[in-house]
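Student: Can you walk me through this one? I'd like to start with the helices and then look at the side chains.

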Amino acid sequence: MAVASADVSAFSSQMPTEKTLMTSDDALDQLRHIARERAFGRHVGSDRLIQAGLDALIAGVESPSLAMLAGLLRSEEPEASELFDQVLEELGLLFHPPADPRAA
């Protein structure tokens, strides 16, 4: 019996864990964080923008363009950046870095 339970625990430790759902505040924080990264010139892939949109949509964030961003197909990924900016604008989350980089 000890062997059987050891096998089960080894198997269960290799199984993916279920991701806990984000709150709407967590999703908004994620959107803000990505907005800041992009504003400071860091490349953020379209897959990450789409995932952030999906996370926000599932968390209950409301924005007219959010469903369009979250539902983009792989062939539509080039539209992600523009839609992400549109979502940020609709939510009032656009970020503009200060002119003096030391102030950041």
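Tutor: Helices (H or I, at least four residues) and strands (E, at least two) are DSSP runs, numbered from the N terminus. This is a predicted model, where local features need pLDDT of at least 70, side-chain atom pairs count only at pLDDT 80 or more, and totals for chains, interfaces and linings use all residues. Residues are numbered from 1 along each chain as its sequence is written, and side-chain values use heavy atoms, with hydrogens and water left out.

Student: Ok, where is Leu 54?

Tutor: Leu 54 sits in helix α3, residues 46-58.

Student: New topic. Which residues touch the most other members of the largest nonpolar core?

Tutor: Leu 31, Leu 69 and Phe 84, out of 21 residues in that core. Helices α2 (24-39), α3, α4 (66-70) and α5 (80-91) each supply at least two of its residues. Such a core is a set of buried Ala, Val, Leu, Ile, Met, Phe, Trp, Tyr and Cys residues joined through side-chain atoms within 4.5 Å.

Student: And what is Phe 84 in contact with, leaving aside neighbours within four places in sequence?

Tutor: Leu 31, Ile 34, Ala 35, Arg 38, Leu 49 and Leu 69. Contact means heavy atoms within 4.5 Å.

How values were computed
Buried means under 20% relative accessible area, exposed over 50%, partly exposed in between (1.4 Å probe, protein chains only).
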